[in-house]
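Here is a short briefing to read alongside the model. Take a look at the structure first, then work through the topics below.

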Amino acid sequence: ALVADRAGGLRRRTLVTGGVAAAALAGVGTVLLRRAADEPPPTARPSVATLAPDDPRWASVNLWTPRGPLATDPAVTALVGRSSDPRDRVLWAGDVGTQRVVLALTYVGSFEQDGESMDVIQEEPVLRVHQGPEGTDPELLSEVPFEWQRPIGTQDVVAVTLPGRHVDITGNAGAGDAQQSLLVVLARPMLSTASVSVHATPQSDGSLQRTWSPLPLDAGISTTTLALPAPIGTAVRVGSWEGPTDSFTSPWSMIANGPDPTTSPEWPLPPITAVTGIPADRLTTTVLIDEEMPATLFGRPSAPGGAPSRLTSMLTTTPEGAVLRTTALHGSGYVDVLEAAFRFPTGTERDPLVSWLPQEREGVAQFLVAAAGADRVQLISTSPSGYPVSKVVRTGGKDAVVVPVVNGGDAGEYRLITRDPSGRVTFDGVPNAGRYLLDT
């Protein structure tokens, strides 16, 4: 649904030997640099898995027992036990390349606000990672902040990308390379093969294509170094499971500084080049909308001195003819990203944008409507009754306006009608909302 889509856009064992790994990963090219098995283990102690390899409990991450060279180290156990939640557990611990890594399962709450109170409505198991230079005392490892995570408790795979260089809590970065990243995959111990894709290629019809390369698993585990500073395009296939990795970065963070100047064609490119691997000089960017807007649209306070905010929307075309749209409201010290390189089928990339605004007067919902060149706009529910419906709002020559709708929250989806100055209809339908860059 139109409104729902817009609102939802914003929450081992012994490793394979180096020679075997290099041969099996040859299809990945220069992106996969080396396996952690090329490094000596941090201790002589073998990995520990209390559950038998064929135990059915490996089907759910929240039932796993610890694995990895450091899985039973008392300092690792103490690190994960700081939460005091008995459900938290070590999943894997050891050194990956030049980094020491502890993967753990922890529980976080989903919150719902009711007036001034905040209630926990659900607790979900997610991945928590502590990292630092190899050899670091586990107590000094610092937590890696994630920008994109999903609940993992009922799945049988953990796939995560981590920075190639991460400081410990004392500020020591140690060895490492910020131009690299780490990939850790955990699966059932009986599995010996997986697949990895480090880039995805958008197509002109809005679809996404990937090239997959083999990723060997040793007792269900792989640890790999990637020659990618921002591995946001990385995805993994293990058995029947396929999906992107949990990651320390995201398309949103890569454009979080906003365009400077507002029509800078370089602004949308970092996440696109990271996901696709296409060099920036082979991408073409044009400005669709660059319009002054009130800073208060998304609950932001007015900037000092009343400096205006701007809504900027840009279209980026790839050599394959795919079109990606990046849109943000930005002003003094903030950027609210509405579309981070969303994919659109050719011919729909200029469809108007409709976004539900957080400020809602009693009984009146408000929508941001961005429609380049429109003289007047109107929102009509797609329900059989056509209610609720907005008044016709004149744009006054602006490419983006706020449209209020009485009882607007009662509709799940809206049709938009736009007209030019002569009254001719220029758009009539539900605008294509595009798809998140990594959606499959």
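The protein's secondary structure consists of five helices and 26 strands, where helices (H or I, at least four residues) and strands (E, at least two) are DSSP runs numbered from the N terminus. This is a predicted model, in which local features need pLDDT of at least 70, side-chain atom pairs count only at pLDDT 80 or more, and totals for chains, interfaces and linings use all residues. Residues are numbered from 1 along each chain as its sequence is written, and side-chain values use heavy atoms, with hydrogens and water left out.

**Burial and surface**
- Of the 440 residues, 52% are buried (under 20% relative accessible area; exposed is over 50%, partly exposed in between; 1.4 Å probe, protein chains only).
- Tyr387 sits in the loop between strand 22 (376-381) and strand 23 (393-394), and is partly exposed at a relative accessible area of 44%.

- Four strands in the order 11-8-13-14 form an open sheet with antiparallel pairing (two strands pair if DSSP finds at least two bridges between them).
- Strand 11 (213-216) and strand 14 (241-244) are at the edges with a single partner strand each, so one side of each has no neighbour in the sheet.
- Strand 13 (residues 235-238) pairs with strand 14 over four bridges, in the antiparallel sense; Val238 is opposite Trp241 of strand 14.

**A hairpin**
- Strand 25 (residues 414-419) and strand 26 (residues 425-429) run antiparallel, joined by four bridges.
- Leu416 has Gly429 in strand 26 as its bridge partner.
- Five residues lie between the two strands of this hairpin, and Gly423 in the turn has a positive phi of about 95°.
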